[in-house]
Structure formats: C-alpha cells, structure tokens
Amino acid sequence: MYRLTENSVTKAVEVDGQQLVIKVTADDDNLIVKVESGQLNDELLLLAYINEWFDVQRDLTPFYQQLSAHGSFGYMAKSFEGLRLMNIPGVFEALCWSIIGQQINLTFAYKLKRAMVEKYGTSTEIDGVKYFNFPKPAVIAALNVDDLKAMQFSKQKADYIINAAKLFEAGEISKSQLLGLSIDDRFKALVAIKGVGIWTANYVMMKSLNDTSGIPHGDVGLLKALEDHALIKDRKDAKAIAGIFSQFEGWESYLVHYLWRSLAVPKA
DNA sequence: GGCCAGGACTCAA
DNA sequence: TTGAGTCATGGC
C-alpha cells in the first residue's frame, strides 16, 4: 500500500470517489504532493486528505512544551521533533488493521494485512509497480471465514473482520456517523462491535478519528516503553500509568505514538 | 521448544 | 467489576 524511498512515499488513495496514486515528498517547509495517476477534480479535497493523513495542521508546540518539561520524556521533543500521528483515513481499514494486530507480533500482522490487501484490494499499476487500495467492506463482507483462514488469519480474526465489514456495508458503522458522536459514544459504538475491546477502540480513535486523547490501555508496546523509561515496575499499576498520562491531557495519543517510536530507535 | 506478540471473549464469583 | 481460563498463529 505504501512505496517508500528515503524521502518520499507513494500511495494509492481514493479522493472524492476518484482513484489516484500520489507521491509525497518534502522540503524544509512543505509537503509536496504529485498526482502520479488518476484524474483529480478538486485539489482542495486532496489537500484535505493530506492534512488528515499527516495531521499536518496540528500545532505541536503545546505538546513539545509538556514533553520538554518531563524528566524522562524530555529528550523526545528533540529526538522525534516533527513526528506526527500518522492517520489511517479509512476507518474500515483502521479497524481491520487493529483487529489484525491484536496479540500477534507486528511482523506477522503486516504479513496478514498484505495478503488481504493483495488478494481483495483493487490496484493501480505504474511502471510495473502495483499500488493497492484497501479492500472495500462489500468485498470482505461477502467472504467466508475459511477464505481468510486460508491466509493464516485465525478463526476469530476472520470472524471479527467479516462481521465488521458487514456493519460497514450495512451502513451501521461509518466514519461520518462516528465523527458525529461524542468521544464517549464513539468509544461505546466501537466497543459494541464484536472483536473490538478497549485497546482496539482507542487505537481506531487515535489513528483514524483524529482523537488525540485515546490511550490503547494494556498495549504491550506502551507498557514496555514505560518500563524502559523506568516509570512503572508493575504493568498492572493502572494508577501509576494514569498519573503519567495526566500530565499530557489532550495529547495522550501523541505521547503513545512517541513512546511507540521510542521502542524502534536505539536508546538515547 | 518455550515464551511472547501494538487482545478479546466467556464465565464464574 | 475483577480475575482466570481459553482461543489462535507465527516470530524469534
């Protein structure tokens, strides 16, 4: 779904019902977007997509102030400066991805997603390279559990994903519907979906609904990062964890994102 | 070969 | 509401 080089990302997107392939690069001050394939009718809609994808318009200054003032996290304000909470604009995709990612290692999770996308997604080919769109709910809703099991999905994951696809297909869940709800009701609506627990609901909210206060509680990566920073001793110490996040009100998801990032780089 | 991985569900107390 | 048991499939 993404083709990366040192300073660019190329991806198939759907904007205003149009299939596009866009390439994004950057100079010091701007993102530069080029349409590689497809017909763009309204540039503003693409701009909106880019804004959402990279969370471009959010002013991170308050977050960096809080981060810098923190004894253990202070270094991240410099080390990860400019890192933004990359969005997954499609809620169905975000939900599927979070279900896939439940309780399995990420390497395998990526493998599962890739298999699903390459088999059931649509694609645009440029210079021999295929750029995939995530499968539509209608396609996934029509599958049997065995179709996904054949791609190494567990029975539950297959069941959850197909069930979720049916909800999207039936219009019972949609991005606009979720965005129309309060944060609390969003959470409730998501958790009501079979296979969606606290972790998944928060993940979807922070990654796809622009909610910056969601914390994927219980996340093993998050807990490991907090241990690495010597901030908790017991992973079940909810009070200590709440205390840490209380210092970052409104930026909880950003803190989570930065902590996940801290797991991927050598120790400062 | 055993523990772990960016969990959720069920059921009992 | 909390806790234990169960499920499921690879990665390392």
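Residues are numbered from 1 along each chain as its sequence is written, while chains are lettered from A and ligands numbered from 1 in the order in which they are written. In this predicted model, local features need pLDDT of at least 70, side-chain atom pairs count only at pLDDT 80 or more, and totals for chains, interfaces and linings use all residues.

Start with the domains. Chain A is divided into domain 1 (2–54) and domain 2 (91–208). These bounds come from an automatic or database domain assignment. The centres of the two domains, taken over C-alpha atoms, are 22 Å apart. Domain 1 brings 9 residues to the contact and domain 2 brings 7. Here contact means that the C-beta atoms of two residues, placed from the backbone, lie within 7 Å. On the domain 1 side, β2 (8–15), β3 (18–26) and β4 (31–37) each supply at least two residues. The largest share, 4 residues, comes from β2. Helices (H or I, at least four residues) and strands (E, at least two) are DSSP runs, numbered from the N terminus. By class, this side of domain 1 has 2 nonpolar, 3 polar and 4 charged residues. Ala, Val, Leu, Ile, Met, Phe, Trp, Tyr, Cys and Pro count as nonpolar, Asp, Glu, Lys and Arg as charged, and the others, Gly among them, as polar.

Next comes the interior. In soluble globular proteins, nonpolar side chains tend to be buried together. The largest nonpolar core has 31 residues. A nonpolar core is a set of buried Ala, Val, Leu, Ile, Met, Phe, Trp, Tyr and Cys residues joined through C-beta atoms within 7 Å. Buried means 20 or more other C-beta atoms within 10 Å of a residue's own, exposed means 12 or fewer, and partly exposed lies in between, with C-beta atoms placed from the backbone. L95, C96, I161, A164 and V204 have the most contacts inside this core. Two or more residues each come from α4 (91–100), α5 (106–120), α8 (155–169), α10 (183–191) and α11 (198–208). α4 gives the most, with 8 residues. C96 touches I161 and A164, leaving aside residues up to four places away in sequence. A second, separate core has 15 residues, including L67, I215, Y254 and L255.

A residue is near a strand if its C-beta atom, placed from the backbone, lies within 6 Å of it. Around DNA strand B there are 19 residues, of which Q102, L106, G197, W199 and T200 come nearest. α11 and α12 (220–228) each give two or more residues to this surface. α11 gives the most, with 4 residues. Around DNA strand C stand residues including Q103, N105, K111, K149 and K155. α5 supplies the largest share of that surface, 3 residues.

β5 (residues 123–126) and β6 (residues 129–132) pair in the antiparallel sense over 4 bridges. Strands pair if DSSP finds at least two bridges between them. I126 has V129 in β6 as its bridge partner. The hairpin has 2 residues between the strands, and there D127 takes a positive phi near 50°. D127 is exposed, because 5 other C-beta atoms lie within 10 Å. In the loop between β2 and β3 sits D16. D16 also has a positive phi, about 55°, although it is not a glycine. D16 has 14 C-beta neighbours inside 10 Å, so it counts as partly exposed.
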